[in-house]
Every structure is written in C-alpha cells, then in structure tokens.
Amino acid sequence: MATRRTFIGGAGGIGAAAFLGHTAAQPQTAAVLDAAPAAEALSAQTAARDSIRAVNAAMRTNYAALKADLVKNLGPVIVVQNDAKGGTFTLVHEGRRYVEQPVAEEFELAKSIAHVPLGIFSTIAEYLSDKVPNVSNADRIDAHDLDMVAMIGPGTDAWTAPLQAFADKLTTAKNNLAAAKLPQALHNSCAKILDEALTFIADSIRARAFDIASFQVFAGRVYPAIRVNMQYAADAQISAVQGLCRKWRAQIGEAAWADLYTVVLSIWTTSVLNQAEIIIRPMMNQKKVGTHLIDIPTAQLPSDPIGVALDNLARIVQDNIAAELVFVSDTKVADALKGKEDLLSDEILKQLGTSATAGATGVAFRTAGRAHCPVDHGMRV
C-alpha cells in the first residue's frame with residue numbers, strides 16, 4: 001500500500017509539486033527570506049567596523065592639525081641640504097629664515113674633477129661583460145649586481161659616441177684649467193685626472209674594447225690625485241660650515257643655541273657619516289646632540305626641502321611629548337615613540353622569538369644567531 005511519503009518520494013519533482021498544489025518558485029522565495037537577516041548582519045558589521053576606522057581617521061586629523069601649528073613654532077633649527085656646492089644651510093629662528101651657501105668654490109671644482117672616473121664608468125657600465133674577471137678584488141664584486149648593471153654587454157660599440165662626448169667635456173675643462181686659477185696642488189691633481197682619463201678613453205675607442213681590468217688600472221693611476229681633491233673639498237667645507245655655525249651661534253645667543261635642532265636631508269647612500277653632520281655635531285650642545293641632530297634619508301632631495309624638514313621635525317617634537325604622556329607606565333614603548341622604532345616592533349620580535357640590538361644605522365635583527373639586514377623604521381602615523 002502506497003503511503004503519502006512513498007508516493008511523493010516516487011513522483012517526479014515537478015509532478016509531485018503540482019499534485020500537492022505547490023509551485024517550483026516557493027523554495028527560492030524561502031532562500032531569499034533566509035538571506036535577508038544575513039545581509040542585515042553583514043551590513044551592521046561593516047558599519048561597526050567603519051565606525052572603528054573613523055576613530056583613527058579622527059586621530060590623524062587632530063595629529064596633522066597639531067603638527068601644522070607646531071611647524072610655525074619650531075626653532076631654532078638648522079636645515080642642511082647637501083648639494084654639489086657644499087650645501088645650502090637654513091637657520092629657522094623666531095619665525096624668520098636665514099639662508100646661506102657658505103662653502104668656497106674649490107669644494108665644487110675639486111669634486112667635479114674627482115668624479116671623472118665615475119663619469120666614465122657610468123658611460124660604459126652597461127657594455128661590460130657580465131662575468132666577474134680574475135681581478136684582485138673579484139670576491140668583492142657581486143656577480144648578480146654586475147649582471148644587472150652590464151645589461152647590454154660587450155657585443156656592440158654603441159658606447160663609443162657617448163664616451164667621446166664625455167671626452168670632449170674633459171678636453172674643454174683641461175684647456176681651461178689654468179684660467180681657473182686653482183691652488184697649485186689642486187691644479188696638478190685635476191690635470192692628472194683629466195690626462196689619464198683622456199688617455200683611457202682614447203685607447204678604448206681606438207681598440208673598440210675595454211673591460212673591468214683595464215678600467216681598474218686607469219682608476220688606480222688617478223686615485224692619489226683624487227685623494228688630493230678630496231682633501232681640498234673637505235677643507236673648504238669644514239672651514240665654511242664651522243664659520244657659519246659660529247656666526248649663527250653669536251646671532252641667536254647661547255641659550256637658544258643650547259636647544260638647537262639640526263635636520264640633515266641626505267640621500268640614503270650618504271646618510272651615515274654625512275659630511276655636514278660630522279662638522280656640525282661637535283658644535284652643538286653635547287648633552288642634546290644625540291636627540292637634536294636628525295638625519296632624514298630620502299630617495300632624492302625633495303622639491304620643498306625646508307617644508308619636509310620642518311614637517312618631520314614637528315612630528316618628532318610632538319611625539320617626544322606624547323610619548324611621556326601616553327606611555328607613562330612603559331618607558332620602553334615611550335622610547336620607541338620618541339625614536340625610530342615602530343611601536344609594534346617589540347611585540348613582533350617577541351612573538352617571532354627574535355631579539356634586537358641597536359646599531360648605528362638602525363636595528364640589527366638576530367634569530368638563532370643569524371644577523372639580518374639593518375632596518376630604518378618608518379613613521380608611525
């Protein structure tokens with residue numbers, strides 16, 4: 001005997017539904033009704049999370065407003081922009097700015113000729129062989145780096161035209177060297193560099209060939225002369241920057257000088273032992289120099305260097321005060337906010353089982369005895 005259950009179970013889906021007076025659309029309507037509460041819950045969750053994000057957005061707005069007001073109240077500050085002329089120095093004090101380029105021309109001229117080997121290298125580097133040759137410092141040449149630099153290789157002489165164009169610049173400089181009236185020793189070293197460079201270029205173009213070994217021979221011959229140029233450049237910069245600091249110190253007075261901040265804008269490759277930083281450091285208040293001499297490495301010098309320097313300094317100054325008010329119960333975290341460490345760094349290191357030791361260029365990570373790269377932490381907000 002067929003029961004209701006077996007009858008329905010044995011019928012076709014559509015036929016059974018029609019027999020009982022139902023349509024196929026009914027299960028779909030139920031699904032839509034079941035989805036409605038889920039959509040409402042998701043919407044409520046999204047709104048709740050957005051309200052949490054809004055807290056941080058409001059904090060950033062308040063933080064930026066404080067920073068903008070603080071920028072107008074900073075001082076005394078010396079902002080250093082490193083450049084080919086020995087640096088542009090700006091003193092910000094009591095709402096005024098004093099800008100000077102104090103370094104003598106010998107700095108720029110000496111460095112210009114000292115850069116000749118780098119100029120030749122930059123012209124021919126793409127055409128080098130990507131194989132490290134058997135030279136004395138082969139173990140110091142990274143094979144992968146060389147492979148990336150030597151992107152064209154030696155199978156063409158397309159380098160001859162740009163190298164000859166550079167040689168023409170060197171020839172003009174050589175012909176005008178006497179008229180520049182440089183100190184005799186500097187004149188002689190510049191002449192040596194130019195002569196050797198022109199000889200290397202002429203030999204290379206004549207042979208339609210060069211390599212790492214031949215370039216190194218040339219570079220070795222001019223290195224003593226480059227050292228002479230470096231001595232003249234360093235002397236010009238030291239005397240000028242020290243003289244400027246003495247002048248500004250007398251101008252603003254000892255009390256203000258004791259609180260002086262110095263912000264050095266540098267590119268990453270010169271951010272450690274930066275030349276201007278070395279000269280200014282001993283002239284600052286030695287009790288505060290560790291926190292008041294600030295190096296800001298950049299990929300390239302910004303279009304508004306003073307604005308960038310003061311914006312960063314304002315962030316540093318307000319974080320110094322915020323750290324002691326917000327993290328009064330944890331001096332380690334307070335020091336992180338006042339310094340270069342990210343606030344989460346200690347907790348991340350802890351969870352990773354990693355220790356950190358402070359170094360001159362950042363933080364050295366150590367895990368199971370292996371050192372990792374130094375890291376310079378970014379801003380926190």
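Arg208 lies in the loop between helix H8 (residues 184–207) and helix H9 (212–252). Helices (H or I, at least four residues) and strands (E, at least two) are DSSP runs, numbered from the N terminus. The model is a predicted one: local features need pLDDT of at least 70, side-chain atom pairs count only at pLDDT 80 or more, and totals for chains, interfaces and linings use all residues. Residues are numbered from 1 along each chain as its sequence is written, and side-chain values use heavy atoms, with hydrogens and water left out.

Arg208 has a phi near 55°, a positive value in a residue other than glycine. Most residues other than glycine have a negative phi, and most peptide bonds are trans. Arg208 is partly exposed, with a relative accessible area of 46%. Here, buried means under 20% relative accessible area, exposed means over 50%, and partly exposed is in between (1.4 Å probe, protein chains only).

Two packed helices are described by the angle between their axes and the distance between the axes. For H8 and H9, the angle is about 160° and the axes are 9 Å apart. Axes are lines fitted to C-alpha atoms, for helices over the stretch in contact, and angles run from 0 to 180 degrees between N-to-C directions. H8 and H9 are therefore roughly antiparallel to each other. Angles under 35 degrees count as roughly parallel, over 145 as roughly antiparallel, 65 to 115 as roughly perpendicular and the rest as oblique. H8 passes H9 in a left-handed crossing. A crossing is left-handed if the near helix is turned anticlockwise from the far one by less than a right angle, and right-handed if clockwise. Residues of H8 that meet H9 include Leu186, Ile193 and Phe200. Among their partners in H9 are Phe215, Phe218, Val222 and Tyr232. Contact means heavy atoms within 4.5 Å.

Ser204 also belongs to H8. Ser204 is buried, with a relative accessible area of 3%. Residues up to four places away in sequence aside, Ser204 touches Trp159, Ala209 and Phe210.

The crossing of H5 and H7 is right-handed. On the H5 side, the meeting residues are Val116, Gly119, Ile120, Thr123 and Ile124. On the H7 side, they are Pro162, Leu163, Phe166 and Leu170.

Two backbone features occur in other loops. Pro76 sits in the loop between helix H3 (26–71) and strand S1 (77–81). The peptide bond from Gly75 to Pro76 is cis, with omega near -5°. Glu94 lies in the loop between strand S2 (88–93) and strand S3 (96–100). Glu94 is not a glycine, yet its phi is positive, at about 50°. Glu94 is exposed, with a relative accessible area of 70%.

His292 lies in helix H12 (residues 289–292), and Thr262 lies in strand S4 (residues 261–267). The two are 30 residues apart along the chain, and their C-alpha atoms are separated by 6.3 Å. His292 counts as buried at 9% relative accessibility. Thr262 counts as buried at 0%. Neighbours within four places in sequence aside, His292 is in contact with Asp259, Leu260, Tyr261, Thr262 and Met284.

Helix H14 (residues 331–338) has the buried residues Ala334, Ala336 and Leu337. They cover an arc of only 155° around the axis, which puts them on the same side of H14. The arc is that of the directions from the helix axis to the C-beta atoms. The buried residues of H14 pack against helix H13 (305–326). On the other side of H14, Thr331, Lys332 and Asp335 are exposed. Asp330 caps the N-terminal end of H14, with a side-chain oxygen 3.1 Å from the backbone nitrogen of Lys332.

Terms used: A polar contact is a pair of N or O atoms within 3.5 Å; within protein, one must be able to donate a hydrogen and the other to accept it, and residues adjacent in sequence count only if both atoms are side-chain atoms.
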